[in-house]
Amino acid sequence: FLLTTENKRLCLFIVTFVCILVMTRVLVSERMEMREADVMNAVDLIVPEIKNGVKNAIVTYKDNFAPSIKDDFQAFIINVQDRGYSFEDAMYILADSLGLVFMDFAQKAIYFEAVGEKEMVDIFSDITETNRLRRQLRDENNNAFTSLRASFIITTLMTFGYFMFLMFTDDFSRTFFLTQTAGKLLLILMVIVVFSVLAYISTIKSRAI
């Protein structure tokens, strides 16, 4: 049987929807990775000033934080100074906004403020080193996934080139993929798979380390 006009439109809509969904996931994944780096940079700024108090350190550097996280820290300051939140509650709200990479600092900050002893600043000494190692791992992952993505794209292009060769040289393949319902559906499926794999590669690359 042949695809009706309505079914063709439906297939086109599905392919377009999948492509948009995949590209959105790729963009979101990249922004998550950039936000993670912004959080680590902010923590690296705060830690050396911890001896003056966590809130004071955040206030000192609030204008130096990346735009992607500046509002989160500003909300923390407002929660403590204007809304009467306890430091612990405000810090947990901030940690929820900034994600897993900030949680270790948040827990140590809450403990430090509760104990109230400046000698306890040593508990933050490993955070900067952890961030350095996390950046190193992120760079290694990015290099590995860039190579993987490049290999996948090259393989896809070679496959597409062979497919186009068949379209021009083989009557059966041309008829099957361009006129038969099964061939058209298979072609749509291949496009969806290619975009889905690219999205999956980008998504797992940006997961928190």
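Predicted model: local features only at pLDDT ≥ 70, side-chain atom pairs only at ≥ 80, totals over all residues.
**Entry 1: helix α3**

I then listed the buried residues of α3: Ile-69, Asp-72, Phe-73, Phe-76, Ile-77, Asn-79 and Val-80. They sit on the same side of α3, because the arc they cover around the axis is only 160°. I noted the general rule beside this: an α-helix has 3.6 residues a turn, so residues three or four places apart point the same way.

I also checked the length of α3. The helix has 15 residues and, at 1.5 Å a residue, should span 21 Å. Its end C-alpha atoms are 21 Å apart, so the two values agree.

**Entry 2: the largest nonpolar core**

Which residues touch the most other members of the largest nonpolar core? I found Val-54, Ile-58, Phe-73, Phe-76, Met-91, Phe-102 and Phe-105, in a core of 33 residues. The largest share comes from α5, with seven residues.

I kept a separate note on a second core, which has eight residues. Val-15, Val-18, Cys-19 and Ile-192 are included in this second core.

I went back to Phe-73 and looked up its contacts, leaving out residues up to four places away in sequence. Phe-73 touches Ala-42, Ile-46, Ile-58, Phe-65, Leu-94, Leu-98 and Phe-102.

**Entry 3: helix α5**

I repeated the length check on α5.

The buried residues I listed in α5 are Val-101, Phe-102, Phe-105, Ala-106, Lys-108, Ala-109, Ile-110 and Phe-112. I read off one distance from Asp-104: its C-alpha atom is 12 Å from that of Ser-125, which is 21 residues away along the chain. Just after α5, I noted that Gly-116 has a positive phi of about 75°.

I picked Met-23 and Val-26, which both lie in helix α1. Met-23 has a relative accessible area of 43%, so I wrote it down as partly exposed. Val-26 has 12% relative accessibility and therefore counts as buried.

I took one C-alpha distance for each residue. Met-23 and Val-101 are 78 residues apart along the chain, and their C-alpha atoms are separated by 25 Å. Val-26 and Ile-201 are 175 residues apart along the chain, with 8.9 Å between their C-alpha atoms.

**Entry 4: the largest pocket**

I looked up how much space lies in the largest pocket, and the value is about 460 Å³. Which of its lining residues are the closest to the centre? Of the 18 in the lining, they are Thr-156, Thr-159, Phe-160, Met-190 and Val-194.

Last, I checked where the lining comes from. The helices α6 (125-169) and α8 (181-205) each supply at least two residues. The most comes from α6, which gives ten residues to the lining.

Notes. Residues numbered from 1 in each chain as written. Heavy atoms only, no water. Core = buried A, V, L, I, M, F, W, Y, C linked by side-chain atoms within 4.5 Å. Buried < 20%, exposed > 50% of the residue type's maximum accessible area, 1.4 Å probe, protein only. Helix = DSSP H or I, 4+ residues; strand = E, 2+ residues; numbered from the N terminus. Contact = heavy atoms within 4.5 Å. Expected span 1.5 Å × (residues − 1). Arc of directions from axis to C-beta. 1 Å grid on protein atoms, 1.4 Å probe; cavity = no way out; pocket = protein on both sides within 12 Å on 5 of 7 lines; lining within 4 Å. Points joined across faces, edges and corners; volume = space filled by probe spheres on them.
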